[in-house]
Amino acid sequence: MAGGGTDVSPYCDLHTGAILNVTISKYSYATLEMTGDGKIVFEALDRDETTTYDTAPHLPPDGKLDLHKAVYNRIVADYLGGAPLSLRLRTSSDAVAGSGLGSSSTLVVTMVQAFVEAFALPLGEYDVAHLAYIIERKDLGLKGGKQDQYAATFGGFNFMEFYAEDRVLVNPLRVKDWIISELESSLVLYFTGVSRESANIIAEQVSNVETGQQASIDAMHALRREAVAMKEHLLRGDVPALGRALQAGWEAKKRSAKSISNSNIDAVDQAAREAGAFAGKMSGAGGGGFMFFLAPPECRQKVIKALEQFGGTASACYFTSEGAKAWRA
C-alpha cells in the first residue's frame with residue numbers, strides 16, 4: 001500500500017525502509033510427498049511444467065523450476081545434514097509470475113513452510129521469511145526487496161521496518177472491522193494483462209541510490225514518509241486521507257525510476273479517475289502486472305467497467321488476516 005522500494009538495499013541499509021502492506025485472498029499452494037523411489041519430482045501445476053531428477057543433495061539451477069530446486073537445496077544443506085531426499089513437490093499459484101503481487105516470494109514461502117511442517121523444523125515466522133529471502137535474493141540472485149517474504153509469512157495488515165544487515169521488524173496492525181469493510185467495498189484490483197520482469201526496474205532504483213541521484217533518493221524518502229502517514233490514516237479509519245497518501249506515494253514512486261510507469265499505465269490511471277476513483281497505484285515494482293484503485297463504493301462498478309475497456313481484468317478484492325500455514329493430510 002505504501003513505501004514499496006524502501007525495503008531494497010542499499011536504501012534500507014543507509015536510511016531505513018518503511019512499508020505498509022496487507023495480504024489479499026489470493027494464495028499459493030504446495031504439496032510435499034515423500035516417495036522413497038530415488039527421484040525428485042517438481043511440478044508447477046499452474047504452468048503445466050514438470051521436472052524430474054535422480055535424488056541428490058544439491059540440484060544446480062538450470063532455468064527449470066529453479067525456485068523449487070533452491071528451496072530443496074537450502075533445506076537439505078542447512079537442516080537435513082546434506083542427506084538427499086526422494087520426494088514429489090507440487091505447487092500452484094492464484095497469481096501469475098510478474099504480476100506485482102509478490103507471487104514468486106509467496107511461492108518460496110509456501111514451499112519452505114511445507115518443509116518446516118514435514119520435518120518439524122524449528123523455524124518461526126521471522127525465520128521462515130528470512131530463509132525465503134535468502135533463497136530468492138542470495139542463492140538465486142533474483143533482484144528485489146524483503147517485504148514480499150515477510151508479508152506472505154505473517155499475513156494481515158503490517159507496518160514493516162527494514163534496517164541494515166537484513167534486520168526486519170514486523171508490526172501487526174489492529175485495524176477495526178468497519179475500516180476493513182470500508183476498504184474492501186472501495187477497492188478495485190486490475191490486472192493489466194502484462195506480466196513484467198521487475199529486475200530491471202529494481203536495478204534502476206538501486207543504481208540511482210548507489211550513484212547518489214538526489215531526485216530519486218528524495219522520492220524514496222517521500223515513499224517512506226507516506227507509509228508512516230498511511231499507517232496513521234488506516235488506524236484512524238480516515239479513508240479520504242488514506243487515499244491522498246496512496247496517491248502521493250504513487251507519484252513519489254514514479255519519480256524513483258523512469259520505467260515504473262508508461263503511457264498505457266497513465267491512460268488506465270486517468271480512466272479510473274474519470275470514472276470516480278480517487279486514488280490508485282501499481283502493485284509491486286511497476287511497469288505492468290496489477291494496479292489497484294480506491295473509489296467510493298457507489299462508484300466501484302463504474303470504475304471496473306472503465307478499466308475493462310483496456311482489455312485487462314478488474315474485480316473486487318478482499319483481505320485475509322492469515323499468513324503461511326501448513327498441515328498434514
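**Close-up views of a predicted model**

View 1. The residues lining the second largest pocket fall into 6 nonpolar, 3 polar and 6 charged. Here Ala, Val, Leu, Ile, Met, Phe, Trp, Tyr, Cys and Pro are nonpolar, Asp, Glu, Lys and Arg are charged, and the others, Gly among them, are polar. This is a predicted model, in which local features need pLDDT of at least 70 and side-chain atom pairs count only at pLDDT 80 or more, while totals for chains, interfaces and linings use all residues. Residues are numbered from 1 along each chain as its sequence is written, and side-chain values use heavy atoms, with hydrogens and water left out.

The pocket has 15 lining residues. Which of them lie nearest its centre? They are V8, S9, Y133, K143 and G144. Two elements, α4 (125–139) and α7 (199–210), each give two or more residues to this lining. The volume of the pocket is about 240 Å³. (A pocket is an open set of points on a 1 Å grid over the protein atoms alone, where a 1.4 Å probe fits, with protein on both sides within 12 Å along at least five of seven lines; lining residues have an atom within 4 Å of a point. Points are joined across faces, edges and corners, and the volume is the space filled by probe spheres set on them.)

**View 2. A cis bond leads into P10.** The peptide bond from S9 to P10 is cis. Its omega is near 10°. P10 sits in the segment before α1 (11–15). (Helices are DSSP runs of H or I with at least four residues, strands are runs of E with at least two, and both are numbered from the N terminus.) S9 also belongs to the pocket of View 1, where S9 is among the residues nearest the centre.

View 3. How many disulfides does the model contain? The count is 0. (A disulfide is a pair of cysteine sulfur atoms within 2.5 Å.) Take C317, which is in no disulfide. From C317, the nearest cysteine sulfur is that of C299, 18 Å away. C317 counts as buried because its relative accessible area is 5%. C12 is buried too, with a relative accessible area of 0%. (Buried means under 20% relative accessible area, exposed over 50%, and partly exposed in between, with a 1.4 Å probe and protein chains only.)

**View 4. Strand β3 pairs with two partners.** Look at β3, residues 39–44. Of its 6 residues, 5 are buried. β3 pairs with β4 (residues 49–54) in the antiparallel sense, over 6 bridges. β3 also joins β5 (residues 87–93), and there 5 bridges link strands that run parallel. E43 stands opposite T50 in β4, and E43 stands opposite R90 in β5. The hairpin of β3 and β4 has 4 residues between the strands. In that hairpin, D48 takes a positive phi near 55°.

**View 5. Four strands form an open sheet.** The strand order is β9-β10-β8-β11, and the pairing is antiparallel. Which strands are at the edges? They are β9 (279–282) and β11 (313–315), and each pairs on one side only. β9 pairs with β10 (residues 290–294) over 4 bridges. Within this pair, G280 has F293 of β10 as its bridge partner. Strands of a sheet pair through backbone hydrogen bonds.

**View 6. Three strands form another open sheet.** The order is β1-β6-β7, with antiparallel pairing. M160 stands opposite V170 in β7.

View 7. L65 lies in the loop between β4 and α2 (66–79). A120 is in the loop between α3 and α4. Is each one buried or exposed? L65 is buried, at 5% relative accessibility. A120 is exposed, at 62% relative accessible area.

**View 8. V108 is a buried helix residue.** V108 is found in α3 (residues 103–119). V108 counts as buried because its relative accessibility is 0%. V108 and N73 are 35 residues apart in sequence. In space, their C-alpha atoms are 12 Å apart.

Methods
Pairing = 2+ DSSP bridges.
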